[in-house]
Amino acid sequence: MRISRIIASVSIVFLLTLPGEASEIVFEEVGQFNDGGMAVTVLVVNDRAYVCEFDNGLEILDISNPANIVKLGQIDDTEQARGIAIIGNIAYVSCNVNGLKLFDISDPSKPVYIGEYSDCDGDPHQFLASGDIGYLTEWHGGFDIVDISDPLKPARLSHYKGDMLAFSVDIAGSHAFVTGYKAGLKILDISDSKNPVLIGDFNNGGETNALHVVDEKAYVCDKLQGMEILDVSDPAHPQLLGTFKGGGSAVGVHVIDDVALTINWKLGLEAIDISDPTSPAKIGSFNDGGRPNGFQVVGDLIYMADGSDGLEIIRFQKNNN
Ligand SMILES: [Ca+2]
Ligand SMILES: [Ca+2]
Ligand SMILES: [Ca+2]
């Protein structure tokens, strides 16, 4: 079973049944917050959005009313913020070159630095938390499995370095799927969290970054080659089923039923019909400038970290013609 990208008490309900053959996906912007900064990642937990800004640090926003987003606080001490996880009242901010830092956000207007993950090797990127375990990718440090049973004292359980620049991770069952940039996709058996074992990989060139693994398929963004769809039902032998080339630079993907929502540095938000994975087809798009780098889907809303455009909230729905 796939582990949710977000933590604890958040329940995600996918409201839509998507789509029939002739359906399009239509997008409508319903909110935006931008007070400067370069938004690169967003995590939504309940009524709050945590937006990593590569230059300014972590923003904490009240998004209960998308039409009137209110800034609650900002953590300046998080240069080159690239990843965010929330566990209870603790924000884990992974900052390139500056480590994985912990902040108490009980009062979001006054975040308090409470320490850092001391087992970092270099350039933390994404931190994904699930129960008592965290999964950390490090650009120059590989992939860490982290004990977070005491959230104040994250401790490394194990480590896989390999030959990759570790970018993103998704977990499905007892497997971790780690993108390694030019090293492609690595599949690790993590049934023993103290001893991850490489069991499969796939690399056809390009620069793999974000991914989503669902229903025995891995949807892998490749900045140069497009969004690649892999059959991973046999994790030791991943098979490329199809690629949505589309142009630009694909940097984020989230799959709901037969639709992949993707973000692309040049082309913005795109909806791709993946009902035939050998022949993915574009069925909608949205782009009003900016440069999306990370997003999260909750229900029928997309929360998009859109570079210099800040945070955008975009509703999507199918439109049967
Ligand atoms: Ca800002
Ligand atoms: Ca590739
Ligand atoms: Ca925009």
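Select tyrosine 181, in the loop between strand 15 (175–179) and strand 16 (185–189); strands here are DSSP runs of E, at least two residues long, numbered from the N terminus. The model is predicted, so local features need pLDDT of at least 70 and side-chain atom pairs pLDDT 80 or more, while totals for chains, interfaces and linings use all residues. Residues are numbered from 1 along each chain as its sequence is written, and chains are lettered from A and ligands numbered from 1 in the order in which they are written.

Tyrosine 181 has 17 C-beta neighbours inside 10 Å and therefore counts as partly exposed (buried means 20 or more other C-beta atoms within 10 Å, exposed 12 or fewer, partly exposed in between, with C-beta atoms placed from the backbone). Next, show its contacts beyond four places in sequence: Met164, Leu165, Phe167, Glu207, Thr208 and Asn209 (contact means backbone-placed C-beta atoms within 7 Å).

Now go to glutamate 28, whose C-alpha atom is 32 Å from that of tyrosine 181. Colour the open sheet of 4 strands, ordered 1-28-27-26 and paired antiparallel (pairing requires at least two DSSP bridges). Strand 1 (23–33) and strand 26 (294–298) are at the edges with a single partner strand each, so one side of each has no neighbour in the sheet.

At strand 26, pick out the 5 bridges to the antiparallel strand 27 (residues 301–305). Glutamine 296 is opposite tyrosine 303 of strand 27.

Finally, zoom out to the whole chain. It has 0 helices and 28 strands (a helix would be a DSSP run of H or I of at least four residues). Of its 321 residues, 49% count as buried.

Definitions and conventions:
Contact = placed C-beta atoms within 7 Å.
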